[in-house]
Structure formats: C-alpha cells, structure tokens
Amino acid sequence: MNLLGRLLPAVPLTTGALLLTGRFTVGRRRLDPAAPAAAVLALAATLGLAVAAALARPAVRFPLFGRLPAGLAVDGLSAALIVTVAAVSLAVVVFAAGEFGADESRARFFGLMLVFTGAMLVTVTATDLAVLLMGWEVMGAMSYALIGFWWRDPGRVGSADVSFLTTRAADLGLYFAAGAALAGTGSLDLAGLAAGRGHWPDLIAAGAVLAALGKSAQLPFSFWLSRAMDGPSPVSALLHSATMVAAGAYLLLRLGPLLTATGWAATLVAWAGALTALLLGAVALAQRDLKQLLAASTCAQIGFMVLAAGAGAVAGGTAQLVAHAAVKSLLFLAAGTWLSALGTKDLGELHGAARRYRLVGVTFGIGALALAAVPPLSLWATKDAVLAAALADSPALYAVGLAAGLLSAGYAGRALIAVTRPTGAAARGATGRHGTRRLGPLERLPLPVLALGAAVLGVLALPPVDGAWRDLLGAGGEPAASPAELAVSGALALVVLAVTWTFVRRGVRARAAWTAPALHWLHLERLARTLVARPVFALAQALARFDDRVIDGGVRVAAATGRRAAALADHRVEVRVDGLVDAVGRGARWLGAAARRPQTGQVHTYYAQAAVLLAVLILIVLLVR
Amino acid sequence: MLSLVIFLPLAAALGLCAVPAPGARTVVWTWIVACAADLALVIALWIGHGNGGGISYEEKVRWIPSVRAAYHIGVDGLSLPLLALTALLFLVCAIYSLRRPPQVRAFAVLFLFLQTVSSGLFAALDLLLFFVFFDLSIVGMYFVIAGWGHGDRTRSALKFFLYTFLGSLALLLGFIGLYLGAEPHTFDMVELTRTPALAGSPGLAGLVLLAIGLGLAIKTPAVPFHTWLPPAHTDAPAAGSAILAGILLKMGTYGLIRIAMPMLPDAWRRYAWAIIILGLVSVLYGALVAFAQEDLKRLIAYTSVNHMGYIVLALGAAGAAGEQAARRLAVTGAVTQMVSHGLITGALFLLSGVLYDRAHGYDMGRFGGLARAAPVFSGLVALGAFASLGLPGLSGFIAEFQIFTGVIGGGGPGLVVAGALAIPGILITAALFLRLLHRAVLGPPGELTSQVTDVRRSELAAVAPLLALSAAIGVAPRFLLDVIEPVSSAVVALVAR
C-alpha cells in the first residue's frame, strides 16, 4: 500500500531526473534516441499505478519538518485527478514521441515532461501544505523550462520568465498560508485547515486563493497563459489540460470546507471564476491565432471549475476538470499538428486544414463541439452541473456563467469554422512554408482516444453515473442540473453556433477599437509591467546606487576621515609637538653654552664671581629679613 | 579525535612547508588527500554523535588559567553540520585548484590554515579560543584576496580586513563584558550558557549584546554593515570567494546562535524586534540591490546578504513571543539555511570562477547563449540558480520554508507582518536569477561567449558534489534535520529562560 503511494509520483520523477542528468553523464547522442520510449514506458507504468492507487487508496505518512506530519494519500478527489493526469500525460507524450525529430534535445524535453507530470501527481496527492507546495513549485519551474525549451530565441525565454514570475508571485500566498496554518491549527494538514482558531482561516484562505488564482491563470493573472504558448505544442497540450492550470482549480476544490468556513472566500472565488469565464471568453472570441484562442478559452473553462469550487460543487467542478483535460489536450495536439504540418496557427490561414488532415479534422471537430457545449458532448453536461450549483448560490452568478457559456460556443465555433472552410490551407501547404506535412502513427494514436474522452466524459455529470461520481468524491447533496436547464443550454449553444456561422460567412467584423482590449488580453501584461515589474526594477536600481554612494560612501568617508586625521596629525600636531621638543633641546643647548661661559679656568674670575654671589646673598638676606 | 579534525589540515600545511620544493602536482594532491581525510573524520564524528542533544567529543586543556580561559572544544548538532560543510567546501576548493593557481604551495598552505581556523571556530567552547579563530580567519582571508585576487585586490583586501577587524574588536569588547559579568569570571561557553552573565543588569546586558551583535552582524553581514562583501568577492579568487561566502559568513550567524542567544537570553528577547527588523531589511534590501547588479559576482554577493538575512530574521523571531513549535522550526530553518547557503553559494562562486578563467570578466551583459558553448556549465548554473531561488527538491526551499513558516507560525501580528514582508524576497531572487539565466546562459551568443569552453573534469568534480548534496537535502532532509532539531529545541528553551 505504502509502496504504491510512493511509487506513483516516484516513477515519473526519477525517470525524468535520470533523463535530465543522463544527458551529461551518458551523453546526448546516446540518450536522445531512447528518451521518447523511456518516457512513454514510464508514463504507461504511471497510468497503471494511478489506476491501482485509485482503487487501493494508499496513504503514506512521513516526517518532514519537526514533528509536523506530512504525507501523500489518495482519496476520491485525488483518485479522479491522478488517473486524469496520468492518462493525459501519456497521450501527450505518445504524440510528442512521434512529433519530436532527431534534431531536438529529446532527453531534456521528455525528462522535463516527466518531472512536470510527477510534480502534478505530488500536488494532487499531498495531504499537507508543505508537500503540496513542493509539487506546486517544481511544476512551475518545469513549466518555465518547457516554455523556454527553444532557449536560443530570447522572445521565448522572455515568455518563460513572465510565466514563472507571475505564477511564483501568486505562489507566495501558499508560503504565507503555510505559516498561518501552523499558527492557526498547529499543523500543516490540509484536512484540518477549516477548523483553525480565530481569524487564521481567513489568512490561510487568502494565501491559498491567491496562489490558486495565479496558477489557474484566473483574473488578474491570466496573461501568463498567453505567453506560455511559446512552448512546443505538446507542452501547451499538457500545461493547459491536466497539469499546471488544473492545479489551482484542484486546490480550490480540495479546500472547499475552508472557503466556506471563512464566509467571504467562497463568494470571492465563485465570482473570480465567473468573471474570468466571461471576460476571457470574450478574449478568446477576439483572437486571430488558434493557439491564443485556445489559451484564452482555457482560462475561461478553468473559470467554471473555480466557480464550482466557490459554489461548493465539488462533483461538478471535478467533472468539468476531467472532461476539459481531455478536450483541451486534444485541441492543442490538433493545433500543434497543423502548426508543424502547415507552418501556421493563424486562423485566417488555416482554412481547409481539417479537410486536408481528416483524422485530425474529425477529432478536432469533436473537441471543438465539446468546447462549445453542444449536447451530448462532455462539457455540455459538466458545465451545466456547475451552473446548477451557481444558480443555487445566486442568480447573478448563474447569469454570468450562462453568458460565459454562450461565449464558449462562439469561440469554439470560430475555431471550428476556420479550419473547416474550404480554401487556403491546401494552397499554403503546396507552397509549403516549413512543414513536415506527414503525420506519423504515434501522432495519430492519441487523437481518437482523447476525442472519445471529450465526447463521453459528460456522463460523470449525468444520471445514472453521476450518483457514483458524487459518492467517489464524497459530495452527496450537490444540486444537479435539471433536464430543462440541460435542454435550454444545449439549444442555446446550437443557436450561438449557428449565429457564429452566419456572421463568419457574411464576413461580419466587429470594430477594431472594440475588440482591441480583448485581442490584447485586456492589456493585463502591460498593466503588470507598468505597475509592478518596472517600479520594482527601478527601485532596485535606485537602491543599488544608494548602496554604492550612501552606505558604502559612508564607509569610504569614515576611512578617508581616518586618513585625513592622520595627515592632520602628521602635518600640524606632529610639527608642533616636534617643534616643542626641538625648542626644549635648543634651550638646553643654549643654557649649556651659557653655563660654559663663566668656566674660564682663571682663579681671579672665580674669586670675582664668588664675591658677586656673596654680595647678592647678603642683599637677599637683608631684604627678606 | 576532534582536535585531530581541527589540526590535521594545519599539520598537512606544515608538512608542505617542510618539504623542500615539492612539485605542484604533489602539493595539490597532498592537499586533496588531507581534506578528504578530514572530511572522513568529520563523517565519523557525525555518526558517533548520533541524533542526541548535548555535546560530544568534549576536550578541555588548561590554556590561560589566570583568566580561566581553556582550550575547550566539543561538538553538538549545531557545530556538526557546519564542521561537515567546512570539510566539504575546503575539499572541493582543493579539487577545484587542480587547475593549479600560481604559487600553489603558498595557496594550499593558506587554505589548510584557514580550514583549521574555521573548524576550530565551529568546535570552540571557550570565548577566547573562539575569538582567536575568528580573528585568524580574517588574517588568512586577507592574504588569499591580496595574494591571489584580481582587479583592485589590495584595496578590497584591505577594506575587508579593516572592516571585519573592527567587527572583531567589538566582539572582543562584548566577550570581555561577558567575562566580567559572569560570577566567577570565566570565558567558558558551557558555564556562561548554564548561568547567563549579567542576568541582574539589563542595561549592561543590552550593551554587551550590542557589542557582540555588531561584531557578528559585520561578519554575517547584515545591512548596513555589508559593503565590504561585494568588493571582497569580486576581487577574490573563486576558491577564496567560495570559502568566504560558504564558511566565513556563517561564523557570524553561528556566533548568534552559539553565544548571543543562549548567553544573553533576556537581552535577546528584549531586542528581538530590532534583530527581526535588521534581518527583514537585509532580506529585502539584499535581494533588490542584487536585482540591479550587472556583475555576476556582485550579484551573488548581494544574494548572500539576502540569504543570510533570512537567518537573522528567523533567530530574531525565535526571541519574540510565540509558539514554541514555530520558534523551533525557525531556528532549525536558520541552521539549515547556513548549510544550504554554503553549498549553493559555494557552487555558484566556483562556477563564476570558471567564467573568469575563460573570459576574464563577470559582466552578464557580455555573455549570452552559454548553453550552446558550455552545456554542462550552463546546466550547473541553472541548477545553482534554482537552488538559490528556493526551488523545492533543493536545499534552499527546506531552509526557507521552515523559516517563513516558523516566523509566521509564531502567531503574533508583528510576526505575521514580518513574515509576509520577507516572503517577497524569494520572488525578487527568482526574478534576478531568471534575468541572469536569460542574459548570460540563454538566448543568442554574446561578445565573450566564444571564449567560454565547458567545465573541465576538476571543475565538475568540485561543483557537482555541492549541488548533489543540496539536492539530497532538498529531497530527503531528515538526515540533516535530525541532527539540528535537538539543538534548536535547546536553543529555544535557553532563550525562553
């Protein structure tokens, strides 16, 4: 049992670490060809372990800091997550094994992907804040290394910097939450956080919510996900689905009792999710680049999970997470296929791509329709489960969520129409920018599997499976979507799709001034730069000058003062003192010379001197008397 | 046995001096063997000590009976990790010197001398003995910088010497204060810890703490007493920088835990907030100033100010009112940070030495794309950078997480605010290391990149063990924490008296 709990994250982590260090010991040339197979095998083993762990529910406890308990355990929520993470990672890595050519640094890539997956597994099985934070931060660092994978390009490295720094800025909240947890509950145990004394749960929740919103690219942190697109497509496929962004939603779902206990945090989280779903949905609608559209849609879809966490819909939120993982990894892999095959991800240039590559086109179509929440595909049911809980919470929240759902039909429709329109890509493919054009079997294999998931995973939120799903997650009394709600939302999605179709055919374009904020992701990155990054760097430079001039200047002045005092003593004091000594010497010499004068050696002068002295003595005696 | 650990390097140094004109190869290999033997002995000490509290391997010999000063040494869970760090860091410096610096015999002798001095300091249980080692370390490092440095080395060495010597004079003043305040007068640390001096006169105790604190703060260094550090590092040879940052800085914070906290508990508690603020300022100021640096070595030097600031912050928090468990966590974190900083910064300085060896410059802007020219070097730099910015799985996180959690976990509103203000330090550190990687290691090649070749075998053998150990602590920290935790409990209890 215990072994299983340890092996689950250990298999991908150690294999990944070996691949990363092996590049230097074994050498790239020998390791690179073996790396894809090693990664696929390790993740297949991980998937097996994940399924076993989901059934056996292992729990490991070990001492970490002092007497604070730490550990890894698989409960219902973790079980759902580990299977999702392992399955999606395996699918993505199989695809990458086919896509990555011999000229790429494959050991590094697959090593990083494995550590990335392993860190996510640690995050979702941790039972305490310390271990959770370890997985959480390592995942962030791996995302940095993966986004900046093509490091020769400074633009991509800059994107990696932005992603890591933004998520880490939010992560500071978890460090704070850990301290507050120790103060408030005497432990770092996740299960006990809600029971903290006094105001401590408020502080813990504040830190955890900040960290989760950052990791999940919710407002106002969403912009990093746009920059994260600079990584290779398989990285996007993994980072946007089952790992990284999902971690924030997972944390909020896990901490549901804590959010409720504070009174304000649940509401805040619900609204943050709903507003992100709405605004980033608008951002997605305005994008002209397929990967950027998908990125913004990730923020929006994760918004539904965050909304679910705030509204207390653990079952609905988790179902949304699982289904979205399948949908989004599928869409990114398909987009990546076209990018490498046709050399473009511009929506305007992708026309006909779906016709040219039939398998990719069909699976992408299923994914896009699922994203649009078309019945009976997965996100239709899961999103309505979330919205049902929102309706129970507040009608306003429901309205915003519903509007966000309509937007998702709009952007999914745009993407779908762009790739199915019958012109453009064939011509572009013929002129051939730089594309490999052929798809290998490894690249094809994951697409139907993920498409199947994207199609059917909605059953988790529909009867009769939803009861078992709730039992698994221990979420008994959550509201379910009524048949009427389901029917209305499905119909609305179809209507929006139809409207989008007519708009696109007629070439209706919104005015550029209106779409500009949405196109530029609400200018969030520029805001972060002007409000945070630049002032901090300016402060750093000012302090560096201060350090040089004032603090070290003070030391230099002190030293110079010492030297000057010495010089002063040398020139002034020393001269006088020395002069005095000289004067004494001169006086003594003069006195000596004067004293020599009377010593003539002639008796008569001595007599005369004696007589004068005698006379003076007599005179004194007489006067004193 | 403990004396053997301390004086084995000195014996090797004397041996090297005695032999007429040995070859450079012989010198370096003798040096390496002596260091390796010393490290093996320290590991044996560690195993023998186990995880208990209390002092083992105690030795006491009459030295200056008229002032009751003795050659009194021993080890506990606080000194053992630092002794091990000393032995390891000197060993890797010896391996690094397989590249043979000029006048290698004098260099080796000086380093062996410094090793004896450093080990002696971490084992000393007598204030006068501690002071002698403290002062000799300054002398030894002065000659390392002045003799084997580059740039404006005599000036930097002189500044280093005078500034830290001033600190050691303040320290001596404080020690004399403790001596006079104890009844009967003594320099013995064990006795001074058992019955704190000046318990009845808070004013005098405050002054003594001020003198000792000033002396140790200069050595640590805490802002605003840090400006000797950047020039000393910039102009020192790589091995010298590694020892200076890895070992010599620890003497300051070691003194705080070993002397200031247990011997002046009342004063420590009374002035805990001043210490917390000193630490907090060092954390933020050090990180921000490091962020703006263009010179690689100055950058690492300022991150040392930041990292050592966490230690001061944690020790201050251990004196403020709060939960015992949280305070223990803070002190454990502080000691872990000493070890972790020694490993990581030692590695980073040795790596910057590689850069200087190839291209004679530290200016980040003139490099770029090193990952292509020197992949192994770049991998090591990246690992060191992420270790230094506190990535889990490496030792920095283990230390800093405990410090933050311990400080905030203390529970008072002031402590929560202090902890919350200190946490952004790791974000600024992250930003500055990513900037370093972005400018020097990744991207297109820069002006000096073509001169840089990858690490040689001796350089790899010197740096890799440090980072490997950092990773070992990061993944499985218990072997270290098991030794430290009894001591941090004891220290917290002593301060709470």
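Predicted model: local features only at pLDDT ≥ 70, side-chain atom pairs only at ≥ 80, totals over all residues.
Two residues are taken to be in contact when their C-beta atoms, placed from the backbone, lie within 7 Å. Leaving aside neighbours within four places in sequence, Ala409(A) is in contact with Ala372(A), Ala373(A), Ala493(A), Val496(A) and Leu497(A). The residue belongs to helix α19 of chain A, which spans residues 395-420.

Ala217(A) has a phi near 55°, a positive value in a residue other than glycine. Its place is the loop between α8 (200-215) and α9 (223-227) of chain A. Ala217(A) counts as buried, since 30 C-beta neighbours lie inside 10 Å. His523(A), which is not a glycine either, has a positive phi of about 55°. This histidine lies in the loop between α25 (512-519) and α26 (524-596) of chain A. Around His523(A) there are 15 other C-beta atoms within 10 Å, so the residue is classed as partly exposed.

Attention now turns to where the chains meet. The contact between them draws 45 residues from chain B and 39 residues from chain A. On the chain B side, at least two residues each come from α12 (272-291), α14 (324-359), α16, α17 (395-409), α18 (413-422), α19 (424-441) and α21 (478-495). Of these, α17(B) gives the most, with 7 residues. Sorted by class, the side of chain B that touches chain A holds 27 nonpolar, 14 polar and 4 charged residues.

Within chain B, the assignment gives domain 1 (1-171 + 223-255) and domain 2 (271-497). The C-alpha centres of domain 1 and domain 2 of chain B are 22 Å apart. Across the boundary, 31 residues of domain 1 of chain B are in contact with 39 residues of domain 2 of chain B. Helices α3 (79-96), α9 (229-235) and α10 (238-263) of chain B each supply at least two residues of the domain 1 side. The largest share of that side, 9 residues, comes from α10(B). By class, the residues of domain 1 of chain B that touch domain 2 of chain B divide into 18 nonpolar, 10 polar and 3 charged.

Helix packing in chain B is illustrated by one pair. Helices α16 (residues 375-388) and α20 (residues 457-475) of chain B pack at an angle of about 35°, with axes 11 Å apart. The crossing of α16(B) past α20(B) is left-handed. From α16(B), Val376(B), Leu380(B), Leu383(B), Gly384(B) and Ala387(B) meet Leu460(B), Val463(B), Leu467(B) and Ser470(B) of α20(B). The residues of this contact comprise 7 nonpolar, 2 polar and no charged. Helix α16(B) also supplies at least two residues of the side of chain B that touches chain A.

Chain B also contains a strand pair. Strand β1 (residues 56-64) of chain B runs antiparallel to β2(B), and 6 bridges join them. Within this pair, Arg62(B) stands opposite Ala70(B) of β2(B). The hairpin has 4 residues between the strands, and in it Arg68(B) takes a positive phi near 55°. Strand β2 (residues 69-75) of chain B is largely enclosed by the rest of the structure, because 5 of its 7 residues are buried.

Finally, two cis peptide bonds of chain B can be located. One joins Thr220(B) and Pro221(B), with an omega of about -15°. Another joins Val223(B) and Pro224(B), where omega is about 5°. Pro221(B) is found in the loop between α8 (202-219) and α9 of chain B, and Pro224(B) likewise sits in the loop between α8 and α9 of chain B.

How values were computed: Residues numbered from 1 in each chain as written. Chains lettered and ligands numbered in written order. Buried ≥ 20, exposed ≤ 12 C-beta atoms within 10 Å, placed from the backbone. Pairing = 2+ DSSP bridges. Axes fitted to C-alpha atoms, helices over the stretch in contact; angles between N-to-C directions. Left-handed = near helix turned anticlockwise from the far one by under 90°. Nonpolar A, V, L, I, M, F, W, Y, C, P; charged D, E, K, R; others polar. Domains from an automatic or database assignment.
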